[in-house]
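Good morning, and thank you for joining this meeting.

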Amino acid sequence: MIDWAHAGTPIVASFLASLVEFVEALTIVLAVGTVRGWRPAIAGAIGGAAFLTVVVALFGPAVGRVPLHYLQMVIGTLLLFFGLRWLRKAVLRTAGVLTMHDEEAIYRRETAALRSGGTAEHAKTDWVAVAATFKAVLLEGLEVVFIVLATGAVGHMLVPASLGAAAAGVVVIGCGIAVHRPLARVPENALKWAVGLLLSAFGAFWLGEGLGYRWPGEDLAVPGLVAMLLAASWVGVALASQARGAAAGASSSAGAAG
Amino acid sequence: MSWIATTVREIWGLFVEDGSFAAAIALWLLAAAVVLPAAHVPVQWRGPALALGLAAILIENVRRSARR
């Protein structure tokens, strides 16, 4: 029986995280469709989605048979690696150490690469195009599956988490069809920051549960973990910006002296 | 077979991007699982200790990454 009162958090986390993945997959599908044709682009995308569906159907039910504390430890650990990786990147992008993720630039790069590969006007099927979208949908889709499992498996929230991911897919595909361009205006870094915080907080919470910790405030510890990691992120942005400024100053002084 | 290697590499990349960051997290998680109980840290403090350690690892890594 689903506890819809607690379903909000997995729905939101799954929706936001999946939104980012669907946007990235959409960019590749749009690039392939524009340069190589929509039939192979959509065929590859459907193939990738179908393959993923089979994988989930085969292995998904096995997740329910794993003892809860092992599930909490494994999923908690994976969520921490995944969420902290996103958080680290969002902090470095905000501090200006890394460039912002640019869907338009990725779209231009992909279309240029696809054009240089030559068109397949006389071939029956453009397998390069099919493979490109198959791979993109498969890999981004794997992340969506992981996110749904990670946010939904432990608290019997797979259905709400799946609904969140599905809603993200509908929104992105709908926008993609309407706009016919990469969704460059999606505030991807802010989304990744928020999702990184949520997934890292959940990861720490479930790992702790799996290890037998007693969290202060029990479920209320999750917002506390989000707040702690948010504070750490802000400190990280400040220190990274400072270090970047100092490094830039040192290299320009060295350049002037030399 | 190269597509299998590519796929494995991509899946690995979902969880590990900066090796030192991932290694620090892994070591801290191991410490949380083994050292904290061995040191008789009260159960209600182990969670906050886990979180503080992760926050410190994040701050240290982004500061070091900015200097590179």
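In this predicted model, 36 residues of chain B are in contact with 37 residues of chain A. The area buried between the two chains is about 3,200 Å², and carbon and sulfur atoms give 79% of that area.

In one salt bridge, the side chain of Lys89(A) meets that of Glu17(B), at 2.8 Å from N to O. On the side of chain B that touches chain A, the elements giving two or more residues are helices H1 (2-15), H2 (19-38) and H3 (43-67) of chain B. H3(B) gives the most, with 18 residues. By class, this side of chain B divides into 23 nonpolar, seven polar and six charged residues.

The largest pocket holds about 1,400 Å³ of space. Its lining comprises 50 residues, and among those closest to the centre are Leu52(A) and Val144(A). H2(A) supplies the largest share of this lining, 13 residues. The lining has 40 nonpolar, eight polar and two charged residues.

The second largest pocket has a volume of about 770 Å³. Of its 27 lining residues, those nearest the centre include His101(A), Glu140(A) and Glu10(B). H5(A) gives the largest share, six residues. Here the lining has nine nonpolar, two polar and 16 charged residues.

Note on methods:
Residues numbered from 1 in each chain as written. Chains lettered and ligands numbered in written order. Predicted model: local features only at pLDDT ≥ 70, side-chain atom pairs only at ≥ 80, totals over all residues. Heavy atoms only, no water. Contact = heavy atoms within 4.5 Å. Buried area = accessible area lost by both parts, 1.4 Å probe. Salt bridge = Lys/Arg side-chain N within 4 Å of Asp/Glu carboxyl O. Helix = DSSP H or I, 4+ residues; strand = E, 2+ residues; numbered from the N terminus. Nonpolar A, V, L, I, M, F, W, Y, C, P; charged D, E, K, R; others polar. 1 Å grid on protein atoms, 1.4 Å probe; cavity = no way out; pocket = protein on both sides within 12 Å on 5 of 7 lines; lining within 4 Å. Points joined across faces, edges and corners; volume = space filled by probe spheres on them.
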